[in-house]
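Okay, everyone, let me put today's model up on the screen. I'll talk about the interface and then the cavities.

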Number of protein chains: 2
Amino acid sequence: MRYSKLFGKTTKTVSNDIKMTSHKLLVQAGFIRESTAGRYFMLPLGIRVQQKIMAIIKEEMDKAGAQEMITPVLHPLELWKETNRNNAAGFELMKITDRRGADFALGGTAEEMFVDVVRKFPLSYKDLPFNVYQFSQKFRDELRARGGLLRVREFMMKDAYSFDLDEENFKKEYEKMWKTYKKIFQRLGYETKVVESDNGYIGGEYCHEFVVENENGETKFLETEDGSYCAHEEVAKFQLENINLDEEEKPFTIIDQPEWVHTMEDNFKHYGKPAQFFLKNVVSRNFQGDIVIATIRGDLEINPIKLQHVLHEVIPLQPATEEDLAAIGSKTGYVHSWGHKMQTKRKAKTEERDCKVIYVADLSLKTVRNFVGGQKEEITDSTNVNYDRDFKHEIEGDIALAKEGYTAINGQKLIAKKGIEVGNIFQLGYHYSHLMSGATFTDQDGSQKPYYMGCYGIGIGRNLQTIIEMHHDEKGIIWPQAVAPYQVHLVELRSKDSDSNKADEIYQKLQEAGVEVLYDDRNDISAGQKFADADLIGCPVRLVVSSRNGDKIEWKKRDGKEIELIEFEKVVERLLI
Amino acid sequence: MRYSKLFGKTTKTVSNDIKMTSHKLLVQAGFIRESTAGRYFMLPLGIRVQQKIMAIIKEEMDKAGAQEMITPVLHPLELWKETNRNNAAGFELMKITDRRGADFALGGTAEEMFVDVVRKFPLSYKDLPFNVYQFSQKFRDELRARGGLLRVREFMMKDAYSFDLDEENFKKEYEKMWKTYKKIFQRLGYETKVVESDNGYIGGEYCHEFVVENENGETKFLETEDGSYCAHEEVAKFQLENINLDEEEKPFTIIDQPEWVHTMEDNFKHYGKPAQFFLKNVVSRNFQGDIVIATIRGDLEINPIKLQHVLHEVIPLQPATEEDLAAIGSKTGYVHSWGHKMQTKRKAKTEERDCKVIYVADLSLKTVRNFVGGQKEEITDSTNVNYDRDFKHEIEGDIALAKEGYTAINGQKLIAKKGIEVGNIFQLGYHYSHLMSGATFTDQDGSQKPYYMGCYGIGIGRNLQTIIEMHHDEKGIIWPQAVAPYQVHLVELRSKDSDSNKADEIYQKLQEAGVEVLYDDRNDISAGQKFADADLIGCPVRLVVSSRNGDKIEWKKRDGKEIELIEFEKVVERLLI
């Protein structure tokens, strides 16, 4: 490709809103441009990298026996209704109606569509197992797009769906995909951690994220030193230590408090006790409008995802507003760990009933005797409060957020890490085949059985940018060879009075030899600018043809410092290794 | 690929709604399945063909110097407003609003998007020309989907956009794309006619469709025997012969008519004259609600596309209803060729005015003296009516439909033909660069100039099905080698007591030799069924491994009859030619 005619050249000015280096480099070097927030044009350089990433994924998926196909982007909304996901994923699902009144969802993930096409065929046990995948444009109505290609509203994704006879067979497929993913990411240029994670609205019982450790990533996870436990912050478990269970239970007492005692910190100061001896309440509102009061040991924090799961809510909880607090006759700082009821009548959003107050107790409440707090009023509070004796909630569970330093379930200390999620795999089990009618195969005995499913996703743009995040220096991108837009960046340096076309010849010959070349043939650009552009764009090898060097060509690797003068034949030889 | 594990096997039952052979074969052979009307799953066999078609297109586009990139599927609606296309294309444009209230169109064609990304870069004359293209999913809210992949609501399309300094340079690009398209379609297995056509809502001054002649196609076009004139029915021109201009003009007269004279045929009978001596009126309604009366010579028909263009309407006209006729004080069969005015007041749809009656005269009215008709009442009509003398309309133009047998502008007779449109190329000129601000480049003299554009489309699924329409027999598909899903269909015939794995070995060896093989390894299927499936699926070569044949392999080409027994080495040799 002649750089003079390339659409999408380098630029010096980049919006101040762009914070992440990899995002900045993508824009500066001419790989992407934003259309509207979270929707990107892939420019000619960008699409070359995208296609190489897709080819690697395809190669590994095919090797693992998966079969490529493709589903429409517009999914009949009735399919999402079959699995109740039109509400669960409602917050990021885009819906559209055609001119004949048919409703569709813009595909964000395609479990229903794949089950729908599979159930169009009469399947026998002999047809199983199989794994089908597609590369297709996905849509997520994200509230905030950010980090360039890391969190977008529209993106190319490889999503695969496996269909197995039973759990045992599925586990082999899951392991195969696990290994396939590891290999794909290695070929893309990075090692990944496999992190237990939350399945969001996908369904199923367990799933894993593949995460590249990186300070700028938005995935927070916790790992033990030996790596034998590794889990996303949203699901990470830890061991609760008993604080003072040997202490005797003292009588429940309402005590006076100075007026200045409001916050947790005020309490620590006033009572001279550390956080774990206090009761803490966190108030949220669920989709129906019920008020959820989660009570936890004062030194711990609520994990909203765990709380959501304990409540079997499909839609994330929202933090309570002052209005919500008023509705239970309370206000910030004065929420009780028991006893609140709705004071203002409120209708549930979609159910035929009134809203209610739901209390949830974290298991940590069972590790302390004689809590302070729980019934805060203007100048009084309760003390010597004991869970099970003075209050008890129907709903109990692990709703605590794990943190660095806590003890993991394997006995080691948790270490907090950050990274970029580059792929994920989900066990779906019978979730979809139970919800969707006709999602069965004929077994050996002639009976109809639901198939056991899994699904497996990789976002392409996300990986494209992660490669840069992991491979760059202060001058620009350093593409790993496997995904570089071109293998060679050929620079012509021509003295003003020369009309030599030596670089043109080299360009021609390299192409004939099957080398991908980006050829900077511009004649009104300084050598310095050409070199800066080559470093910014980041092709693995830079070749310079200059009248000063006679028949030899300057060879420099993007990730090295050494400059060599070598013969053309030697150049080709090195490139075709 | 082992057929036993292939997702998407052959089927015998196909819906009666499927009429076209190519459509039927796609379903029967397991290449596609319908999701909802006009939206298709591409099954593993189908996507392989689709990818081969795309690879051929990509190769030829790249050879012609075009650069691949990609735009988002959701286009900001404000871009379509910049070019007034949100109304023009309104009838098939799907619109969606995200949860933050931003409006988008689902891309059906991407002129605005490409201009939008191009104008993000400061372009100089040195950057031009360039041609950028994408493969992306397109959406059209078609009222009726039909013919399988021929008319769908969602499809993969290659769309290219060229940016040139001026018309002269553009013409070279247009010619280059013309040749590139010819070559692409030859590689896909068919010859194409290049047909002058209407640009619909794309804009610009001229365009051409590439059409594969086929009786089942929905494109009607007219061609002269030597092929020097070839145009879509919608735009085809023809020479008007003067009928009786040597006749003297007689005095305009209102004459009595028997009550039974209503239709054109009644008139021919009553007056004993052929159709061309009568005035014919066709009534339509435009987008605003105005009534359009088009008057034409009785032997000709109105071409609604030509009529639309003469009126500069962007949205197609609709046939008038009885209500429309009543609004001008008329009814079916009693429309006058002059003089109607609105009797019922009606507001224009989007403009601040009342609706009106618009008369349009076809040029054929100037070829006849002393017309019969034009002022039909219950038992009277006018006769000896002369255009220009007795009535004349402000709007005159060629609004007549060309037909077989008419004389083309090159003097030869037009022949009516049918075909399938497989691609099209459009001159856009300055249409978009004038309407969209900042769509300019800096010329040598430092001034800002709009670029001169063209666009070029190929629908992939449409071509996929056309290949089958052109290459099949009563047994199934006959894929041309260049686009076959697999080169070889390997059939294993195993006697019941044999546990030979010879076919497995051949399968393995063929793959190692780089041959694409579909391997029918099913062990509970008869030889007859396996052969029928092989013929239906249509891979170019069928190989049979059978214990009866010893070490030799049965070779049969799908498009031939001869069966040969040859050595494995010979098989590989033939396949790798």
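So, how much area do chain B and chain A bury between them? About 5400 Å², with 61% of it on carbon and sulfur atoms; buried area here is the accessible area (1.4 Å probe) that two parts lose on being put together, summed over both. B:Phe7, B:Phe41 and B:Arg99 supply 14% of what chain B buries against chain A, more than any other three residues.

Quick housekeeping: this is a predicted model, where local features need pLDDT of at least 70 and side-chain atom pairs need 80 or more, while totals for chains, interfaces and linings use all residues. Residues count from 1 along each chain as its sequence is written, chains are lettered from A and ligands numbered from 1 in written order, and side-chain values use heavy atoms, without hydrogens and water.

Back to the contact (heavy atoms within 4.5 Å): 59 residues come from chain B and 59 residues from chain A. The rule finds 4 salt bridges across the interface, meaning a Lys or Arg side-chain nitrogen within 4 Å of an Asp or Glu carboxyl oxygen. A:Asp524 pairs that way with B:Lys126, the closest N and O atoms being 2.1 Å apart.

Now the holes. There are 5 cavities of 30 Å³ or more in the whole structure; on a 1 Å grid over the protein atoms alone, that's a set of points where a 1.4 Å probe fits but cannot get out, and lining residues have an atom within 4 Å of a point. The largest cavity holds about 50 Å³, and its lining includes A:His489, A:Asp535 and A:Arg558.

Notes:
On a 1 Å grid over the protein atoms alone, a cavity is a set of points where a 1.4 Å probe fits but cannot get out, and a pocket is an open set with protein on both sides within 12 Å along at least five of seven lines; lining residues have an atom within 4 Å of a point. Grid points are joined across faces, edges and corners, and a volume is the space filled by probe spheres set on the points.
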